[in-house]
Amino acid sequence: MSIESVKEIKVIKTTAIIGEGTKENPVRVITQYWDLKGKLLATVDDYVLSKSSASSDTSS
C-alpha cells in the first residue's frame with residue numbers, strides 16, 4: 001500500500017446498539033461516521049468483521 005495523501009477532516013461519530021439478541025443477529029454496538037451534512041460515510045460493526053474474518057480463515 002502506498003498512501004497518496006492524508007487530510008484531517010471533521011466528522012460526526014455515533015454509536016448505536018443493534019441486533020435482535022439471536023445467534024444470527026446478536027445485540028452489539030456499532031460505530032457510524034457521518035459528514036457534517038448528515039451523509040453516512042462508514043459503519044463499523046465488529047461482529048460482521050469477525051464473521052468475515054472467520055470465514056476467510058476457514059477457507060484458506
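Close-up 1. Tyr-33 stands opposite Ala-42 in strand β3. The model is predicted: local features need pLDDT of at least 70 and side-chain atom pairs count only at pLDDT 80 or more, while totals for chains, interfaces and linings use all residues. Residues are numbered from 1 along each chain as its sequence is written, and side-chain values use heavy atoms, with hydrogens and water left out. Strands β2 and β3 pair in the antiparallel sense over four bridges (two strands pair if DSSP finds at least two bridges between them).

**Close-up 2. The open sheet.** Three strands form an open sheet in the order β1-β2-β3, with antiparallel pairing. The edge strands β1 and β3 each pair on one side only. From one strand to the next, the twist averages 25 degrees (axes are lines fitted to C-alpha atoms, and angles run from 0 to 180 degrees between N-to-C directions). Strands are DSSP runs (E, at least two residues) and helices are runs of H or I (at least four), numbered from the N terminus.

**Close-up 3. The salt bridge of Arg-28.** Arg-28 forms a salt bridge with Asp-45, and their closest N and O atoms are 2.9 Å apart (the rule asks for a side-chain nitrogen of Lys or Arg within 4 Å of a carboxyl oxygen of Asp or Glu). Arg-28 lies in strand β2 and Asp-45 in the loop between β3 and α1, so the pair ties together parts that are 17 residues apart in sequence. Arg-28 counts as buried at 16% relative accessibility, and Asp-45 counts as buried at 10% (buried means under 20% relative accessible area, exposed over 50%, partly exposed in between, with a 1.4 Å probe and protein chains only).
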